Amino acid sequence: MKGGKGKGATKKETREVLKLADDRKVGKRKAAIKADKSSKRQAKKEKKAEKDPNKPKRPPSAFFVFLEEFRKQYKQEHPNVKAVSVVGKAGGEKWKSLSDAEKAPYEAKAAKRKSEYEKQMSAYNKKQESATDDGDEESDRSKSEVNNEDEEESGEEEEDEDED
């Protein structure tokens, strides 16, 4: 009877060992998957196009136009306050308390800046389109020129070989 129990115990032990081995494999797979995710994140960051420094900046909203003036007033009234967050919070509270009639001049300034921005963007987009069109033509020319040169060189070599 002791022999039977011994064999049964070894089967259980082997099952446990196999389970542990399987767990290790799963752990490796999980680690490999995690590594793939981090590499994908890096790839996404690399794929992001660089910002063009010539591109016009977006215009400020009516609230930010208001804040420009509010900051000047607030700093005159409270010269000791240096925290930006305090000024921002005070500006937000003041903006909320303003009526629509009081907000109107800031909204008009924001609309004017937005129309100027749209003009600048249309001019910028035209420049970008013309630049890409020129770039495509140049690259096409260079390809054809390179191909023509290769054909001429290979043709001359063949003629030289025929003469020998």
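# A tour of the helices and their contacts

Start with Glu69, which is partly exposed, with a relative accessible area of 28%. The model on screen is a predicted one, and residues are numbered from 1 along the chain as its sequence is written.

**Stop 1: Glu69 and its partner.** Glu69 sits in helix H2 and Lys109 in helix H4, so the pair links distant parts of the chain, 40 residues apart. Is Lys109 buried, partly exposed or exposed? Its relative accessibility is 37%, and Lys109 therefore counts as partly exposed, because that class lies between the 20% limit for buried and the 50% limit for exposed.

**Stop 2: the neighbouring salt bridge.** How many salt bridges does the structure hold? There are two. For the other, select Glu68 and Arg113, whose closest N and O atoms are 3.2 Å apart. This pair also links distant parts of the chain: Glu68 belongs to helix H2 (residues 62-77) and Arg113 to helix H4 (residues 100-163), 45 residues apart. Glu68 is partly exposed, at a relative accessible area of 33%. Arg113 is partly exposed as well, at 31%. In general, side chains of opposite charge can pair when their charged atoms come close.

**Stop 3: the whole chain.** Zoom out and colour by secondary structure. The chain has four helices and zero strands, and from the N terminus on its elements run α-α-α-α. Of the 164 residues in the chain, 12% are buried. Now consider contacts between residues at least 6 apart in sequence: 78% of them join residues at least 24 apart.

**Stop 4: H2 against H3.** Show H2 together with helix H3 (residues 84-97). Their axes come within 10 Å and cross at roughly 120°. That angle makes H2 oblique to H3, because the roughly perpendicular range ends at 115 degrees and roughly antiparallel starts over 145. The crossing in which H2 passes H3 is right-handed. To see the residues where the helices meet, select Ala62, Phe63, Phe66, Leu67, Phe70, Arg71 and Tyr74 on the H2 side. On the H3 side, select Val86, Val87, Ala90, Gly91, Gly92, Lys94 and Trp95.

**Stop 5: Phe66.** Keep H2 in view and pick Phe66, which has its place in that helix. Is Phe66 buried or exposed? Phe66 counts as buried, at 4% relative accessibility, because buried means under 20%. Leaving aside residues up to four places away in sequence, Phe66 touches Gly91, Lys94, Trp95, Leu98 and Tyr106. Next, draw a distance from the C-alpha atom of Phe66 to that of Pro105: the two atoms are separated by 9.1 Å, and the residues are 39 apart along the chain.

**Stop 6: the aromatic residues.** The structure holds seven aromatic pairs. One of them joins Phe63 and Phe64, an edge-to-face pair with 5.4 Å from centre to centre and 70° between the planes. Phe63 is partly exposed, with a relative accessible area of 24%, and Phe64 is partly exposed, with 43%. Which residues form one aromatic cluster? Select Phe63, Phe64, Phe66, Phe70, Tyr74, Trp95 and Tyr106 to display it.

How values were computed: Predicted model: local features only at pLDDT ≥ 70, side-chain atom pairs only at ≥ 80, totals over all residues. Heavy atoms only, no water. Salt bridge = Lys/Arg side-chain N within 4 Å of Asp/Glu carboxyl O. Helix = DSSP H or I, 4+ residues; strand = E, 2+ residues; numbered from the N terminus. Buried < 20%, exposed > 50% of the residue type's maximum accessible area, 1.4 Å probe, protein only. Phe/Tyr/Trp six-rings, centres within 6.5 Å; stacked < 30°, edge-to-face > 60°. Contact = heavy atoms within 4.5 Å. Axes fitted to C-alpha atoms, helices over the stretch in contact; angles between N-to-C directions. Parallel < 35°, antiparallel > 145°, perpendicular 65-115°, else oblique. Left-handed = near helix turned anticlockwise from the far one by under 90°.
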